[in-house]
Amino acid sequence: MAETAKLQEQKLIDLFNYLIEKRVIISLQVVDADFERLTCVTQIRREADGPWLQIDMPEGFQAVAFKHGSMHLRFNFNGPDQLEYIFTTRGGYVKGRDLHLPFPEYVERVQRRKNFRMPTPIGTKMMFRTERGPAVLSLINISLGGILGALVKPAAKDLQGSLLAMGQTIQHAGIIVPPDSDTEELIIIIHKMEVRRIEHDTERNIYRYAFEFKEIQPNENKKLTQAIYHFQRVFLQRR
């Protein structure tokens with residue numbers, strides 16, 4: 001089981017200043033609602049009743065929060081030590097494009113490593129071979145530990161059931177990151193990965209697969225890290 005520790009008082013201020021200075025991506029969830037988005041802390045506001053957090057409001061937040069009549073929010077992120085940090089807030093208000101939230105009493109640090117997921121740019125894909133022929137996934141998100149993608153080849157209409165099985169091992173897969181104005185096309189080779197989750201969207205007849213990376217060469221891991229940092233910069237520029 002994971003061990004936890006609570007950060008309070010000045011350590012909290014230092015932690016949130018770190019998030020602001022480094023523009024760290026954090027995950028926002030509306031408690032008891034199916035809503036999770038990525039955002040960032042933009043400012044610590046000093047009010048008469050103490051410090052408040054100012055957070056960039058994700059698209060679609062107001063409709064969900066008002067529908068549920070709740071500003072009960074849960075956040076998590078990777079801290080400077082690459083451990084997972086979690087905190088919750090209740091109350092607050094919306095002003096312009098920002099959420100103004102009461103400063104949490106504490107932030108919980110979870111003593112386990114967690115690879116933070118980043119959404120991938122449109123056109124990012126993974127290619128690999130199976131016993132039933134070549135396969136292509138359109139990637140949804142990625143981390144240093146694995147990926148989630150939707151199967152586009154072979155199409156679901158050409159299959160009877162899932163192409164892959166839980167726990168199945170795939171070797172020599174290639175992640176292809178399309179070029180943009182700042183970077184050239186990037187190819188990252190994953191030596192070995194394993195199917196960890198299978199999702200079937202019955203309405204659209206789409207299969208989604210989550211893979212855990214099991215083996216990756218150091219030079220390929222370096223390229224993967226650089227790609228994730230690039231995705232993070234692009235995400236922040238578009239907000």
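This is a predicted model: local features need pLDDT of at least 70, side-chain atom pairs count only at pLDDT 80 or more; totals for chains, interfaces and linings use all residues.
Strands here are DSSP runs of E with at least two residues, and they are numbered from the N terminus.

Buried or exposed, for Thr 124? Its relative accessibility is 2%, so Thr 124 counts as buried. Its side chain has a polar atom 2.9 Å from the backbone oxygen of Pro 121. Beyond four places in sequence, the contacts of Thr 124 are Leu 137, Ser 138, Leu 139, Ile 175, Ile 176, Val 177 and Pro 178.

Take Ile 175 from that list. Again setting aside residues up to four places away, Ile 175 touches Thr 124 itself, and also, among others, Met 126, Leu 139, Ile 147, Leu 186, Ile 190 and Phe 213. The largest nonpolar core has 32 residues, and those touching the most other members are Met 126, Phe 128, Ile 175 and Phe 211. Which elements supply at least two residues each to this core? They are strand 12, strand 13 (133-142), strand 14 (146-153), strand 15 (169-177), strand 16 (186-201), strand 17 (206-215) and helix 3 (218-237). Helix 3 gives the largest share, five residues. There is also a second, separate core, of 31 residues, with Ile 13, Val 30, Leu 73 and Val 107 among its members.

Next, helix 2, residues 61-68. Its buried residues include Phe 61, Val 64 and Ala 65. These residues lie on the same side of helix 2, because the arc they cover around the axis is only 95 degrees. The face turned away from that buried side carries Ala 63, Phe 66 and Lys 67, which are exposed. Over the buried residues of helix 2 lie, among other things, strand 2 (26-30), strand 6 (73-78), strand 8 (93-95) and strand 9 (98-102). Just after the helix comes Gly 69, with a positive phi of about 60 degrees.

Now the aromatic residues. A pair of rings is described by how far apart the centres are and by the angle of the planes. The count for this model is 10 aromatic pairs. In the pair of Phe 16 and Phe 103, the ring centres are 5.1 Å apart and the planes stand at 65 degrees, so the pair is edge-to-face. Phe 16 belongs to helix 1, residues 10-22, and Phe 103 to the loop between strand 9 and strand 10 (107-113), so the pair links parts of the chain 87 residues apart. Both Phe 16 and Phe 103 are buried.

Phe 77 and Phe 87 are edge-to-face as well, because their planes are at 65 degrees, with the ring centres 6.4 Å apart. Phe 77 is in strand 6 and Phe 87 in strand 7 (residues 83-89), 10 residues apart. Phe 77 counts as buried at 0% relative accessibility, and Phe 87 does at 2%. One aromatic cluster is formed by Phe 16, Phe 75, Phe 77, Tyr 85, Phe 87 and Phe 103.

Glu 84 counts as buried, at 3% relative accessibility. What does its side chain meet in a polar contact? The partner is the side chain of Asn 76, at 3.5 Å. Arg 109 is 25 residues from Glu 84 in sequence, with 6.0 Å between the two C-alpha atoms.

Definitions and conventions
Residues are numbered from 1 along each chain as its sequence is written. Side-chain values use heavy atoms; hydrogens and water are left out. Buried means under 20% relative accessible area, exposed over 50%, partly exposed in between (1.4 Å probe, protein chains only). A polar contact is a pair of N or O atoms within 3.5 Å; within protein, one must be able to donate a hydrogen and the other to accept it, and residues adjacent in sequence count only if both atoms are side-chain atoms. Contact means heavy atoms within 4.5 Å. A nonpolar core is a set of buried Ala, Val, Leu, Ile, Met, Phe, Trp, Tyr and Cys residues joined through side-chain atoms within 4.5 Å. Helices (H or I, at least four residues) and strands (E, at least two) are DSSP runs, numbered from the N terminus. The arc is that of the directions from the helix axis to the C-beta atoms. Rings of Phe, Tyr and Trp (its six-membered ring) pair if their centres lie within 6.5 Å; planes under 30 degrees apart count as stacked, over 60 as edge-to-face and the rest as tilted.
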